[in-house]
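The following explanation leads the reader through the strands of the structure shown here.

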Amino acid sequence: DQQVKQNSPSLSVQEGRISILNCDYTNSMFDYFLWYKKYPAEGPTFLISISSIKDKNEDGRFTVFLNKSAKHLSLHIVPSQPGDSAVYFCAASGSGNTPLVFGKGTRLSVIA
Amino acid sequence: EPEVTQTPSHQVTQMGQEVILRCVPISNHLYFYWYRQILGQKVEFLVSFYNNEISEKSEIFDDQFSVERPDGSNFTLKIRSTKLEDSAMYFCASTFTDGGQETQYFGPGTRLLVL
């Protein structure tokens, strides 16, 4: 039962270029979406979120795009830096304090 | 910057033993969560806790699991009789919300190994 899917297990990008991480979801009740970054042996670190009433949210080098009709969101990192190398998790929740449902993650490697 | 803390960072136990994992959520947060991640798998929700009671739990959270907020700061997850398949990273998270959409902030995790 994969309600949140990250179909690319890994992605390699050159330093300075754009990284695009994708996420698809199936549950139309989701209305809040988040991206977390995770280093080995650490907890997920919140990066950026977007509410279903928006289609874009930007924070510095990070931008999240939401396409509700396609049930798809993406995280853009530009320019990519070697310190961005980590596993990125997409997560979604319904309204209120409902639990997060996570994707399997995408391992991003930014090559200098 | 306030953060969620968890202890211990690692725990090794024998099958059948009880373990208690501890978390100190961010001080003004009201909702607390436990998640786990089995090696190579996705992060999975276990339980949420609000106002001193469980608000939601997953099918993973069976009778072997319990949660408690024994004082004003700690939030604990107890596994009464550990099984091999309980080996995982356990993450605590917390959020401050009045019912709107709020971000859950995660602790660094406890790596539990059941032998």
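**Strand pairing in chains A and B**

Within β3(A), Asp24(A) is the bridge partner of Lys5(A). This contact belongs to the pairing of strand β1 (residues 4-5) of chain A with β3(A), which are antiparallel and joined by two bridges. Strands here are DSSP runs (E, at least two residues), numbered from the N terminus, and two strands pair if DSSP finds at least two bridges between them. The model is predicted: local features need pLDDT of at least 70, side-chain atom pairs count only at pLDDT 80 or more, and totals for chains, interfaces and linings use all residues. Residues are numbered from 1 along each chain as its sequence is written, chains are lettered from A and ligands numbered from 1 in the order in which they are written, and side-chain values use heavy atoms, with hydrogens and water left out.

β3(A) also pairs with strand β8 (residues 72-77) of chain A, antiparallel and over six bridges; there, Leu73(A) in β8(A) stands opposite Cys23(A). The side chains of β3 (residues 19-25) of chain A alternate. Ser19(A), Leu21(A), Cys23(A) and Tyr25(A) point to one face and are buried (under 20% relative accessible area, 1.4 Å probe, protein chains only).

In chain B, four strands form an open sheet in the order β1-β3-β8-β7, with antiparallel pairing. Because β1 (5-7) and β7 (65-68) of chain B stand at the edges with a single partner strand each, one side of each is left without a neighbour in the sheet. Strand β3 (residues 19-24) and strand β8 (residues 75-79) of chain B run antiparallel and are joined by five bridges; Ile79(B) in β8(B) is the bridge partner of Val19(B).

Methods: Buried means under 20% relative accessible area, exposed over 50%, partly exposed in between (1.4 Å probe, protein chains only).
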